[in-house]
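Keep the structure open while you read.

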Amino acid sequence: MVSERIQRAVLLLALGYGAGCGMDGAADSTGAGPSRPSDQNNGNQASAGSSSNPGGITQEPSEPPPEMEVDQSFRAPVATGKLLWSANPDSGRVALIDAQSLSVRMTNAGFGPTYLAAVPSKSGTDSAIVLNVGSHDASFIQATATQIETVTIATHVGANAWSVSSDGKYAIAWTDAAHLEGVPSDTLNGYSELTVIDLSASPPSSTRLSVGFRPSQVVFDADGTHAFAVVDEGISVLELGKKPRLSGLLTVSAADLSTHTRDVNIAPDGSFAVVRVDGSPDVEIIDLASDARQVLTLESNVTDLDLSADGKSATAVLGDATPPEVVSFAVPSPGVEPAQFERAAIPGELVRSVTLAPSDQLALLYANAVPSNHVTLLDTAPGQHHFEFRTVDVQGAVRGIYVAPDSQTAITFQAPPAGSSKKGLFSIVPTTAVRSPRIVGTDAEPAEIAFSDTGKALVTVHDAKSSARGVYVIGLANLDQNFVPLASEPLSGATGIVPLAKRGFVAQKHPEGRITFIDLETGAAQTLSGFEIAARVVAR
Amino acid sequence: MRGNVRDVYPSPDGAYAIASFVSPTRDSGVKPGFAAIPVSATTPVRVQTTEAPVFAVAQSAGKTPRAIVTVSDGSAIFSAYVVRMPELVVDSVKLPSRPLPGATGLVPDAGVAYVAQAHPQGRITFINLETGVARTITGFEIAAKVVNGQ
């Protein structure tokens, strides 16, 4: 499932949407218990402020800006098995670090290896591919316990992102205009090319294709026979195989993307896409094989739209409705008219975005383009409490919500409220247990998050203007947290987990490479510095 | 199309077209460019920015159609862009001197494009249509000198 979003909200926030995120509410409204959506005055917003302060805001703009979504970074280490791969654009080398023993192996890549992606591979082999931005090629690196093999593959100029098929057969290098570095790009520059690499060929082969103006997402279908590039014009369909080719363009919405946000969600199996455009009540479902379309017109503008993890249902937020509503329907065939879709009204709350839990049994509703302290937890699991909800006050304007793999806990990144001396704020929110959230004020803004599948999470905080930086090691079951200071500034997108080693990592800015590893069981940290020349391990 | 169209150059078989854009004003901050248009397919247009306005266009048809687009500001910036169809991928080559009018073309059987340029002793740049690699021959009027990659 993918989603694209043009981010225009920061300026609007600066223009006056930032008022009022008081600390005066109770930490949790869960005492009211689950509530039914039909209950218009049901106490679920007991701590959501009075009617004069819906959703914890004090000023509601007449036309709220689009909601914001969080991007991923490819300029970061990646983990495969017990290995952590780290590229150094300056030295032209890639380090393979055993996250358990902290032993380091180095291999040469091309000129300026920068953007790394893990490649699924057979047992006993770890594989990754890195874009060499200086030599306009990629190094496909395969490592066994004793050997490292590297193959160089030509790419187009300017690639900065990867999409890799789940079977590891194909990697697509593309240019994400939203993450270009350096000078602002010309409005005419479409960054249209991508490079399809067949990693199963011997040697790996590459095919350059022009897919449309400014690709924002590239995804594969379930059986790896097609890839889809979401571009300004719509969705370009790529046929893979021995000679990859562009087989068609499915147009999507005639909206002006310079003024309208567009969400394109492609089903995990690549069979259909669900699309909404900001300021429109329409949801379009497009069959990607036949280009058959259906348009569902809902009662109000759709401010967010997400597909469930299994791709069987879609959840739309009607954030402009009064009260806001959440609508859920089966996809690609809803089976009933929009008026009969399952829905919940969320009175007294500011709800414009939705994050669906991996379990597909919970929807987290919030707003982040307009300050709001509240997160509404909507039970979407079948059963007695289906579509009941409760609202949690997290005491600071929500910027983003991240749900743990088991869906039992969410972590929210927030802005600290006015009057707080803290620079940042995050909350650990139990989603199924009715418990108060753990609210943690920080000395720097929360920037990165990673969840393990063993009930742990890492939250990295840093402030580029000061030495305040570190990582919080969080136990999700007990809502406990421990702070580990970092020796240098953490890199963007470089906080992660090496599952087989049961360790987390935070890569940091350092001329010779620096990574702090954290034992997820004990919380003990070890920092590996200078692994480019002679590794030195420091235990904290 | 993203830009305002100045001229359209259809390919010999009409399957593709190159559209050059109206040159932006100096202080507009916008680059000139062209678009490669698949006329007989419903695939996206390729928009390419250039460092100078489009000067000449030549195209071939057949199984592996190609186009070459030269750009020139008339004084210092000269480049050639090879467009490979149907992929619509573009490779660019900087030209060492000013392209001559009517002297940009393709030799499909040889797999090259050529751009003749202003030079007292003659200069032609040949560009491989598959790899985009350029070779420039200078001074062939008196004694040819071959330089790779220029």
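This is a predicted model: local features need pLDDT of at least 70, side-chain atom pairs count only at pLDDT 80 or more; totals for chains, interfaces and linings use all residues.

Residues are numbered from 1 along each chain as its sequence is written, and chains are lettered from A and ligands numbered from 1 in the order in which they are written.

Start with the peptide bonds. A:Thr322 and A:Pro323 are joined by a cis one, with omega at about -10 degrees. You'll find A:Pro323 in the loop between strand E22 (313-318) and strand E23 (325-330); strands are DSSP runs of at least two residues (E), numbered from the N terminus. Another cis bond runs from A:Val331 to A:Pro332, and its omega is near 0 degrees. A:Pro332 sits in the loop between E23 and strand E24 (342-345).

Now for phi. A:Leu102 isn't a glycine, yet its phi is positive, near 60 degrees. Look for A:Leu102 in the loop between strand E3 (93-98) and strand E4 (104-108). Is A:Leu102 buried or partly exposed? A:Leu102 is partly exposed, because 18 other C-beta atoms lie within 10 Å (buried takes 20 or more, exposed 12 or fewer, and partly exposed is in between, with C-beta atoms placed from the backbone).

A:Phe387, also not a glycine, has a positive phi of about 65 degrees. Its place is the loop between strand E27 (374-379) and strand E28 (389-393). With 18 other C-beta atoms within 10 Å, A:Phe387 is partly exposed.

Methods
Helices (H or I, at least four residues) and strands (E, at least two) are DSSP runs, numbered from the N terminus.
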